[in-house]
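Open the model in your viewer and keep the selection tool ready. We will go stop by stop.

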Amino acid sequence: MTRAVLSLGSNLGDREQHLREALRVLGGAVERVSGVYETPPWGDADQPAYLNAVVLVSDPAATPRDWLERARAAETKASRVRDPERRFGPRTLDVDVIAVWEADGRPVLSADPELTLPHPRAHLRAFVLGPWHDVEPAADLPGHGPVAALLDDPRLADDVAALTPRPDIALESVA
Ligand SMILES: Nc1ncnc2c1ncn2[C@@H]1O[C@H](COP(=O)(O)OP(=O)(O)OP(=O)(O)O)[C@@H](O)[C@H]1O
Ligand SMILES: Nc1nc2c(c(=O)[nH]1)N=C(CO)CN2
């Protein structure tokens, strides 16, 4: 049994549809879905705005690795193409595994480059922390502390201010 937080992002093609497709792939494992935010591109400014959301998932049978496999399956369904020249470049769908916990609540820690846990850049990303905090206000990012405190970090202030809710896009109804 593992519980995980996954981040969904899209800035190419039918962005809303790509996020919906990700939820379909995750199916019954989805426990909570955040609202959708329009967010400025992080890490590579020369690309369109993203739609981002966060999902809380759990599955009695899933290993940490299974969450990565499911993330990749969703990206493949959205015809994600990797551009080796642009690490943080545009994409139809990005599904990142932000953190995973064992059934007893212990966080899974991993330095494996194939699946680094928690995600090594999650604490720097308002587009992850904001929607996560909305659906789990007491959330803790292993090794970094409360998500609420991370969102108060002055270094994230501009990105937090730029998070634009999109209440017109409701993903909750998909599951
Ligand atoms: N926690 C994680 N979640 C998703 N992918 C991970 C994680 N840790 C390591 N990876 C690896 O990172 C590789 C690159 O993934 P990807 O192309 O989605 O990165 P990116 O989205 O461009 O950057 P970022 O991971 O910063 O969002 C994948 O092959 C995957 O195995
Ligand atoms: N706003 C935003 N920016 C990004 C995102 C994302 O999901 N949202 N994903 C990236 C992939 O590394 C790079 N930059």
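**Stop 1: a covered helix.** Select helix 3. Its buried residues are Ala126, Phe127, Val128, Leu129, Gly130, Pro131, Trp132 and His133. Buried means that 20 or more other C-beta atoms lie within 10 Å of the residue's own; 12 or fewer counts as exposed, and in between is partly exposed, with C-beta atoms placed from the backbone. Helix 3 is mostly covered, with eight of its 10 residues buried. Helices (H or I, at least four residues) and strands (E, at least two) are DSSP runs, numbered from the N terminus.

A word on the model. This is a predicted model, where local features need pLDDT of at least 70, side-chain atom pairs count only at pLDDT 80 or more, and totals for chains, interfaces and linings use all residues. Residues are numbered from 1 along each chain as its sequence is written, while chains are lettered from A and ligands numbered from 1 in the order in which they are written.

Now show what covers helix 3. Its buried residues have cover that includes strand 1 (2-10), strand 3 (37-39), strand 4 (50-59), strand 5, helix 4 (147-151) and helix 5 (157-161). Contact here means C-beta atoms, placed from the backbone, within 7 Å.

**Stop 2: a loop.** Select Pro137, in the loop between helix 3 (126-135) and strand 8 (140-141). Is Pro137 buried or exposed? Pro137 counts as exposed, because it has 10 C-beta neighbours inside 10 Å.

**Stop 3: ligand 2.** Select the residues around ligand 2, among them Gly9, Thr39, Trp42, Tyr50, Asn52, Asp94 and Phe127. A residue is near a molecule if its C-beta atom, placed from the backbone, lies within 6 Å of it. The shell has six nonpolar, four polar and one charged residues. Nonpolar covers Ala, Val, Leu, Ile, Met, Phe, Trp, Tyr, Cys and Pro; charged covers Asp, Glu, Lys and Arg; the others, Gly among them, are polar.

**Stop 4: ligand 1.** Here 15 residues form the surroundings, and the closest are Asp96, Val97, Glu114, Thr116 and His119. Helix 2 (64-77), strand 5 (94-102) and strand 7 (115-117) each give at least two residues to this shell. By class, the shell around ligand 1 has seven nonpolar, two polar and six charged residues.

**Stop 5: two helices.** Glu21, Ala22, Val25 and Leu26 in helix 1 meet Arg70, Ala73, Ala74 and Lys77 in helix 2. The residues of this contact divide into five nonpolar, no polar and three charged.
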